[in-house]
Structure formats: structure tokens, C-alpha cells
Amino acid sequence: MTLVLFGLFFLFMLLGVPIAFAIGASSLYALYQSGVPLMVVTQQMFQGINSFALVAIPMFILAGDLMAQGKVSERLVSFADSLVGFMRGGLSVVSVMAGMFFAAISGSGAATTAAVGSSLVPELKRKGYDPASAASLIAASGTIGVVIPPSVPMIIYAVIAQQSVSSLFLNGFLPGLAMGIALMAIAITQAYKRKYPKGTPLSLDTIWRTLKAASWGLMTPVIILGGIFSGIFTPSEAAVVAVNYALLVSLFVYRDLTLPQVYKLLIRSAMTTAVIMLVIAMSAVLSWTLSSWQVPGAIAQAVLSLSTNPYVIMLLVVAVILLTGVFIETASALIILTPVLLPLVLQLGIDPIHFGLIIVVGLSVGMITPPVAINLYVASSVTQLPLERITRAIIPYLLGLIGVLLLVVYVPILLGWSG
């Protein structure tokens, strides 16, 4: 019956059925054929989303949308340019640094790509940067958006794996920083190879001026994460604080949003949240079905029978994560893979928080691997470039991010991991 379940799931996916309905329909049929009372479906759907931690998801999505729609991203780009724009190919480095700044606000890869891309693309074109390479770098920088806290995928993983959101957030900084450094190194190498121009001269006055302009945006992660780690409020409460702060800054400080625009953002954020919650609810049914059939344990034993070497097994796990990210978007892949792979890595002695970092970083790479590559589609929309051109240019950055993923897997101490 397990083969029937997965067979139907992949069939629905190939037919273009939305992921939530593909998961729900295949699970429903498998349970019906097994003679399980179908009341289990509604019970597990409710149980899957009955978590206080999930309150943070719509709030962080809304906070990121509010910041992205306003002028916060432009001010962050200007500040990053004042710091590193003087280098050869400095705008490339600015793309990554601005992505890291915005990642600490939005928790979303697509929002980070859109915010940084819309601010930087015109200037990159004007300075003579290769358009496809610039667009691919911005898309790659967007992957950091789901790794540096606050991170929506980390919240989802924490709920599924019953782990601490705060611990995941605390350990997400250095992997995100490592991703940024890797992308910067590749960008600088390409800048010298292509003889890109130097940018804005280094000036303390400019740094101070742009810092003051961007300070309201930069304070967002300080307030959110400082409040969480100091114990003032929980991650869910921090998300609500983030929304109120974003509204305050956008409406009364920068005054770059109007109430009708805020209303539209509320509708858009609610639609995004509804999709995520439906996927979580349906996936809870799938997880219960697989657990009741003891599928995760069987998969763990099958993989362990292939090799007793934990390094080899973790390489297989990484391959599964990367391959899944190619075909399924991040949240859905996370919900499907976590209950299947977590029992396996626990048998290897891997801490669940460490595995959370591995799976989030691994699936973030899927944001730039077609056909399901949301960041590439966003970058293509912002730059008006064909997806094929951006996809070819993304390869060096893709390899760099996979290298960081392997570092997270095999050398967690160097990344400051604390279980």
C-alpha cells in the first residue's frame, strides 16, 4: 500500500495537481483502501496545524511583505553599497550583503530576491554588469532568506520535529553567513575575470548617512531576535511584534506605504499563509499514515543496511534533500522529508537541531534549481531575462552553496553549531 500511496502522489504531481491536493488525495485513497476510518483525516489535519508556533508564519510573511513593499530594501542596498561598493565588482558583493540584511527581516527567499533585485538591477545594468550573471547572483542570495533567522522553514521544521524554534534560529546565523561569504568570493572572482568597474569610493560620511537612513530597517532583526534570545517574548510573539514594527516604520517613519497598499498586502499574505497551512494540514495526514505503517523506520533500516559509515549515509541523505528540492518547493519538501529522514539521522546520532540546519540549507538550494526554482522565476520577472539565461549563469553559485551545505553536514563545529 505504501507503493500505491507514493505512486499516486507522483502521478498527481506529474499531472500538475497542486501539492496540497496531491498529498491529501493520495493519503485519503491509501487510508480508504486500508480500511482506516476516514475521520482520521480531519483529526490529523486539525492536529497538524494546532500549534502555537505556527502563528509566527503568517506574521513573519506579512512583516516581510511590508518591508519589501516599502523603501526599506532600497535603504539597505544603499548602506551595503557604502560599505563594500568601493571594491572591483562591488555591486555584486552589495547584492549578497543586501540579501543577507533583508534575510534577517523577511524569512522568505522569494521576498529577499524581489526586494534586492528591484533595487539593484537597474544600477547593475547601468554599470555594465553581465545581466544574466547579476540576476543569478541575486537569486542565489535570496536562498539566504530562509536560513538567516527569522526563517519560515525553520518554524515548520521545529513544529514537525518538535524542536525549539529559538535553538534553530540561534544556530542559523553562521550557516547563512557562510552562504553569503561563498557567494561573495565567487562574485569577486568573476568581477576580476570580467574586469567589472569599481564602485562608490569608501567614505565614512556616506557610511554614516546611509546607516542612519537604514537604521529603522536594521533594527528589525535586533528587536525580533534580541527579544527571542533574551526571553522577553516567544518566536510567535516576536512575529507579531515584527508586524507592528513594520507597520510603524512603513506608515509613520518612512511613509512609503498607504492604507490601501497595506490592505492589499494583508490579502496577499493571507493567501500565501492559506497555501502553506493547507500543505501542512495535508502533510500531517501523510505523516500519520507513514508512521502508522512504520515506513520511516523501514526506510532507516534499509539505508543503514547499505552502509555502516555515517559519512556515506549522510551523503545519501544530502542527495535525497537536493533531489527533492529540484522538484518540490521548500515548505512542501520540508514537510514530506522531515518525518521520513529524521528517524534515520537520529539513529546516526545526529542532533535534530543540526539536522534542521542541514535540511533547511539543503532545500534552500532548491530555490535556484529548475524546474521548481522560485528565486529564478522571481529574478527573471524582475530583470525581464529569459529563465534559460539565468539558469546557465547560476551554476557557479549553485556549486558554492552545495559546498556550504557539505560544510554544514560534516564540519558543524566550524560553523559554531551548539546543540
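User: How do the axes of helix α2 and α13 cross, and what is the angle called?

Analyst: In this predicted model, the axes of α2 (residues 19-34) and α13 come within 9 Å and cross at roughly 30 degrees. Angles under 35 degrees count as roughly parallel, and therefore α2 is roughly parallel to α13. The crossing of α2 and α13 is left-handed.

User: How do you know that the span of α13 agrees with its number of residues?

Analyst: Helix α13 covers residues 259-292, which is 34 residues, and at 1.5 Å a residue it should span 50 Å. The C-alpha atoms at its ends are 49 Å apart, so the two values agree. Just after α13, Gln 294 has a positive phi of about 60 degrees.

User: What lines the largest pocket, and how much space lies in it?

Analyst: The largest pocket holds about 1000 Å³ of space. Its lining has 38 residues, and nearest the centre are Ser 108, Ala 110, Ala 111, Thr 272 and Ile 374. Elements that give two or more residues to this lining include α13, α16 (330-347) and α18 (374-383). The largest share, seven residues, comes from α7. By class, the lining of the largest pocket has 21 nonpolar, 13 polar and four charged residues.

User: What makes up the lining of the second largest pocket by class?

Analyst: That lining has 23 nonpolar residues, one polar and no charged ones. The second largest pocket has a volume of about 590 Å³. It is lined by 24 residues, with Phe 6, Phe 10, Val 320, Thr 324 and Leu 337 closest to its centre. At least two residues each come from α1 (2-14), α14 (295-306), α15 (310-327) and α16. The largest share, eight residues, is from α15.

User: Which helix gives the most to the lining of the largest cavity?

Analyst: That is α8, with four residues. Helices α6 (90-106), α8 (131-142) and α10 (165-194) each supply at least two residues. The lining of the largest cavity divides into eight nonpolar residues, four polar and one charged.

Methods: Residues numbered from 1 in each chain as written. Predicted model: local features only at pLDDT ≥ 70, side-chain atom pairs only at ≥ 80, totals over all residues. Heavy atoms only, no water. Expected span 1.5 Å × (residues − 1). Nonpolar A, V, L, I, M, F, W, Y, C, P; charged D, E, K, R; others polar. Axes fitted to C-alpha atoms, helices over the stretch in contact; angles between N-to-C directions. Parallel < 35°, antiparallel > 145°, perpendicular 65-115°, else oblique. Left-handed = near helix turned anticlockwise from the far one by under 90°. 1 Å grid on protein atoms, 1.4 Å probe; cavity = no way out; pocket = protein on both sides within 12 Å on 5 of 7 lines; lining within 4 Å. Points joined across faces, edges and corners; volume = space filled by probe spheres on them.
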